[in-house]
Amino acid sequence: MVARHSFDQGLDDLHLNLIEMGSMVEESIDNTILALKNQDVELARKIFRNDDIIDDFEKRIEKKCINLIARQQPLAKDLRTISTALKIITDMERIADHSADIAEITIRLSGQKFIKPLIDIPKMAELAKLMVNKSIDAYVKQDIQLAEEVCASDDEVDDLFNKIIIELIDLMKNDPMCIEQGIEFMFIAKYLERMADHATNIGEWVVFNVTGEHERLARLFHKESGMDKHAEDSDDPAGTIL
Amino acid sequence: MNMQKFEIEQLNLFYGDVQALKNININIAELQVTALIGPSGCGKSTFLKTLNRMNDLIPGVRITGNVFMDNENIYGQCDIVDLRKRVGMVFQKPNPFPMSVYDNISYGPRIHGVRSRSRLDEIVEKSLRDAVLWDEVKDRLKKSALGLSGGQQQRLCIARVLAVNPEVVLMDEPTSALDPISTLKIEDLIDELKQNYTIIIVTHNMQQAGRISDRTAFFLQGEIVEFDLTEKIFSRPVDKRTEDYITGRFG
């Protein structure tokens, strides 16, 4: 076996960078849930600051990937690994963005009494967090089964999202004073739902990385169910809720 | 769906006691570019030469199996001169004859009986145009071909093959002696030529196979390990040995 030392070293570094970025994103979700539950403004501000660090990290990894493609001309599994990394970092960066979005709402809601006790939103947040954890774990271990579990969980998050939206609409119909906060919670629910979508994307890319097939999961979990997924490329929650 | 130009069945080739090709069974599509890749000594050039019976010239070679070209077995009753006219070949190192550009191109048609000066002029111009060389040499047709650059010489050799109006062009590492710009010119030319000719190319340059071929065959120790659409071979090959070779982890 001929080794490509410099290239293999580059791929190892890339793998470590992705793990590092993944753990930063996981920490950001943990903090987001804590800050929201405890209405902790200081923690919410910290999430905000960390988002810039994650953005910079994404740029660094992106540059590394482009460098590897330009200088090493990867093919087959190597090419999949690098293109998977490029896709995954975008999903991770978006997840971190949504954490920051929720942190922003947490800051806006500080000092206000919530219109209802938070039950399903933390539940949804925990589920989304678990999906992100698992998707990053699936990447680290290149574990298809774990990746498929993540994709299967997406429906559960979607169900919770629909339930929360219906509850909030009812609340707002009955009491117009709830509208302002109700909308904020709708945004939070949407951001969490998007986080789960991005975790699903990561899971799908892990499967692609290992098998070279990407369509299979899309077929299994989305197309067959006849569900029209929310616009994949749109991160505008208002556009999809309203 | 393209028609098959070659159907190769149970092809084995021996150099004396050494078996260089083992049980080759593939079909090669008409008007496509088929790339043959593999490490040195794997049999890809030997295989290429079986397609116009160039191996017949090597002492001690024994061949079994069938190679059908347009349903006719070229190892059966076959006019070899006609076969080599129909299946032209371009080699690794440009090998123009030590004569003028014009005479290099007109040599083949003359041998095949074309005598008319105006007809030869037409053939020379068309062949050089098809090989995207005309504009560079039209003012020096009577000068020695040896004065051309390496890339021009190789395109001249391609034009020389085209001059006898072949159906298939075999290329054995046609750009390995050329600089990157000349290489890209030849690659563009191959892309043009496949509209009218079936092209089979041996290359050590993996990226080149990826850029120009429709199908790729990976040879190893005289066998074809994998033969599939180039896109598939270069993105998700089935056999681990193919994966190891194209990712540069093969030794």
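Reply: Start with the idea: on a 1 Å grid over the protein atoms alone, a cavity is a set of points where a 1.4 Å probe fits but cannot get out, and lining residues have an atom within 4 Å of a point. Points are joined across faces, edges and corners, and volume is the space filled by probe spheres set on them. Here, the largest cavity holds about 70 Å³, and there are 5 cavities of 30 Å³ or more. This is a predicted model: local features need pLDDT of at least 70, side-chain atom pairs 80 or more, while totals for chains, interfaces and linings use all residues. Residues are numbered from 1 along each chain, and chains are lettered from A in the order written.

Me: Which helix supplies the largest share of the lining of the largest cavity?

Reply: Helices are DSSP runs of H or I, at least four residues, and strands are E runs of at least two, numbered from the N terminus. H5(A) gives 3 residues, the largest share. Helices H4 (120-141) and H5 (144-174) of chain A each supply at least two. Ile164(A), Leu168(A) and Phe185(A) are among the lining residues.

Me: Is Asn52(B) buried or exposed?

Reply: Buried means under 20% relative accessible area, exposed over 50%, partly exposed in between (1.4 Å probe, protein chains only). Asn52(B) is at 2%, so it counts as buried. Asn52(B) sits in the loop between helix H1 (44-50) and strand S4 (61-69) of chain B. Beyond four places in sequence, its contacts (heavy atoms within 4.5 Å) include Leu83(B), Met89(B) and Leu170(B).

Notes:
Heavy atoms only, no water. 1 Å grid on protein atoms, 1.4 Å probe; cavity = no way out; pocket = protein on both sides within 12 Å on 5 of 7 lines; lining within 4 Å.
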